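I'm opening my notebook on this one. I'll go from the overall layout to a few single residues, and I'll jot down each term as I need it.

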Amino acid sequence: MAREISLADVPGLVGQVLGISKWITVDQTMIDTFADATLDHQFIHVDPDRAAAESPFGGTIAHGFLTLSLLSAMNYDCLPKIREQTMGLNYGFDKVRFMSPVRCGSLVRGQFTLTDCRFRGAGLLMTTYDVSVEIENERKPALTANWITIVQFDPKDRPADA
């Protein structure tokens, strides 16, 4: 996929995988930092010894919301930049599902398939992606979701046929 595309190109990309991100290592430092930021210090996330002894995971696991939050970095890593975009906004998610735990030390990456795009108002394009976060060497993804974003652009840049 091109690293930069035109706003007019986006509708023709519906149905295509637009990017697969680089692998990101989810280590204990990342998990602990997220726990501090969210005040979620459940032992399965922050206590490796207790998690190994008392959980079915063999050690600590990432918070589901940590995995979800990594989608922003994955997006920036692999999705093409829209030349005319002045700002991107997170509109929300539909059907978020946490399918498999991300064990501490795992590598994860995101895959983004554009499933819909609609011009809204004079200077907005709403896009919907089917996203999944893969875990290296695991059959099931860590999560799947439908992610809705908004591309803001100068109305003068709106394609004539949109």
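**Layout**

First, my terms: helices (H or I, at least four residues) and strands (E, at least two) are DSSP runs, numbered from the N terminus. With that settled, I looked up the elements and found five helices and eight strands. Read from the N terminus, their order is β-β-β-α-α-α-α-α-β-β-β-β-β.

Two reminders to myself. This is a predicted model, where local features need pLDDT of at least 70 and side-chain atom pairs count only at pLDDT 80 or more, while totals for chains, interfaces and linings use all residues. Residues are numbered from 1 along each chain as its sequence is written, and side-chain values use heavy atoms, with hydrogens and water left out.

I also looked up the overall extent: the C-alpha atoms fill a box of roughly 60 × 30 × 25 Å along the principal axes. Next came burial, where buried means under 20% relative accessible area, exposed over 50%, and partly exposed in between (1.4 Å probe, protein chains only). Of the 162 residues, 41% count as buried. For contacts (heavy atoms within 4.5 Å), I took pairs at least 6 apart in sequence, and 71% of those join residues at least 24 apart.

I picked L66, which sits in helix α4 (residues 64-69). Is L66 buried or exposed? L66 is buried, since its relative accessible area is 4%. Beyond its neighbours within four places in sequence, L66 touches V26, M30, I31 and F34. I checked Y76 as well: it is ten residues from L66 along the chain, and their C-alpha atoms are 16 Å apart.

In α5, I found L71, M74, N75 and C78 buried. Looking down the axis of α5, these buried residues fall within an arc of 105°, so they line one face of the helix. (The arc is that of the directions from the helix axis to the C-beta atoms.)

**Largest pocket**

The pocket rule took me a while. On a 1 Å grid over the protein atoms alone, a pocket is an open set of points where a 1.4 Å probe fits, with protein on both sides within 12 Å along at least five of seven lines; lining residues have an atom within 4 Å of a point. The largest pocket has 23 lining residues, and N75, Y76, L79, Q85 and G88 lie nearest its centre. Which element gives the most to the lining? That is β5, with six residues.

K95 has a phi near 55°, positive although K95 is not a glycine. K95 is in strand β5, and at 60% relative accessibility it counts as exposed. N137 also isn't a glycine, yet its phi is positive, about 65°. N137 lies in the loop between β7 and β8 and is exposed, at 75% relative accessible area.

**Cysteines**

How many disulfides are there? A disulfide is a covalent bond between the sulfur atoms of two cysteines; the rule asks for a pair of cysteine sulfur atoms within 2.5 Å. By that rule I count zero. For C117, the closest cysteine sulfur is in C78, 17 Å away, so it is too far for a bond. C117 counts as buried, at 14% relative accessibility, whereas C104 is partly exposed, at 33%.
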